[in-house]
Amino acid sequence: MENTKTTIMIRCTLFTALIAIGAFIQVPVPYLDYFTLQFLFVILSGMILGPKYGAISVVIYVLIGLMGIPIFAAGGGIQYIFRPSFGYLLGFIAAAFTVGIVAKNIKANKFSKYLIAAFSGFIVTYAIGIFYKFIILNLYLGTPTTLWIIFLSCFPLDIPGDILLCVIGSLLASKVNSILGVKYDKCR
């Protein structure tokens, strides 16, 4: 399929919408919080759209939320930047770009290669998210918390869930990209 400007805009818009919808697909986990599907659509945006357009679709999502449209998991508005979890949204932007770059550089064409790309986005998301949470908790909210405690707090639900989403995303990307005829040997 040819990548016209219109096709690219439609795909970016589609992934922006999917990420927003993913924030509201909340999977309740007994005795814990809920889990959303945002990360799945973030990594898919990088795998399917490539680094540039995948990141653009996530940037648009974040900007719409910061403008006050309640499309984040807990609302929206500029004040969201002061929430400890906002760092994960910034991590999503970097993750989509990283996933796209890695998929392109390793010429992802099968599940195992997409999984490598997905885990690169996973690492980037958590590195940025945990560090941002540390800064907000310690410097803005005045709640002394170590990086280790923040990291451990991700384990009961978030990290295992996002690892599962990496697997699902890799399976989906390998199928969708073969249907769309996406080749990583071409510059995207």
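Predicted model: local features only at pLDDT ≥ 70, side-chain atom pairs only at ≥ 80, totals over all residues.

Me: How many aromatic pairs does a search of the whole structure find?

Reply: A pair of aromatic rings is described by the distance of the centres and the angle of the planes. Rings of Phe, Tyr and Trp (its six-membered ring) pair if their centres lie within 6.5 Å, and planes under 30 degrees apart count as stacked, over 60 as edge-to-face and the rest as tilted. The search finds 12 such pairs. In one of them, the ring centres of Y61 and F72 are 5.4 Å apart with the planes at 75°, so this pair is edge-to-face. Y61 belongs to helix α3 (residues 51–66), whereas F72, 11 residues away, sits in the loop between α3 and α4 (86–105); helices here are DSSP runs (H or I, at least four residues), numbered from the N terminus.

Me: Is F72 buried or exposed?

Reply: Buried means under 20% relative accessible area, exposed over 50%, and partly exposed in between (1.4 Å probe, protein chains only). F72 has a value of 1% and is therefore buried, and Y61, at 0%, is buried as well. F72 also pairs with Y80, where the centres are 4.5 Å apart and the planes at 50°, so that pair is tilted.

Me: Which residues form a nonpolar patch on the surface?

Reply: Nonpolar side chains (Val, Leu, Ile, Met, Phe, Trp, Tyr) are joined within 5 Å, and like charges within 9 Å. Here W148, I149, L152 and F155 form the patch, with about 410 Å² of accessible area together, a value from the Shrake-Rupley method with a 1.4 Å probe. L152, in helix α6 (residues 147–153), counts as partly exposed at 37%.

Me: How many disulfides does the structure hold?

Reply: A disulfide is a covalent bond between the sulfur atoms of two cysteines, and the cut-off used is a pair of sulfur atoms within 2.5 Å. The structure holds 0 disulfides. The sulfur of C166 has its closest cysteine sulfur in C154, 14 Å away, which is too far for a bond.

Key
Residues numbered from 1 in each chain as written. Heavy atoms only, no water. Helix = DSSP H or I, 4+ residues; strand = E, 2+ residues; numbered from the N terminus. Patch = residues over 30% accessible without salt bridge, like charges linked within 9 Å, V, L, I, M, F, W, Y side chains within 5 Å. Salt bridge = Lys/Arg side-chain N within 4 Å of Asp/Glu carboxyl O.
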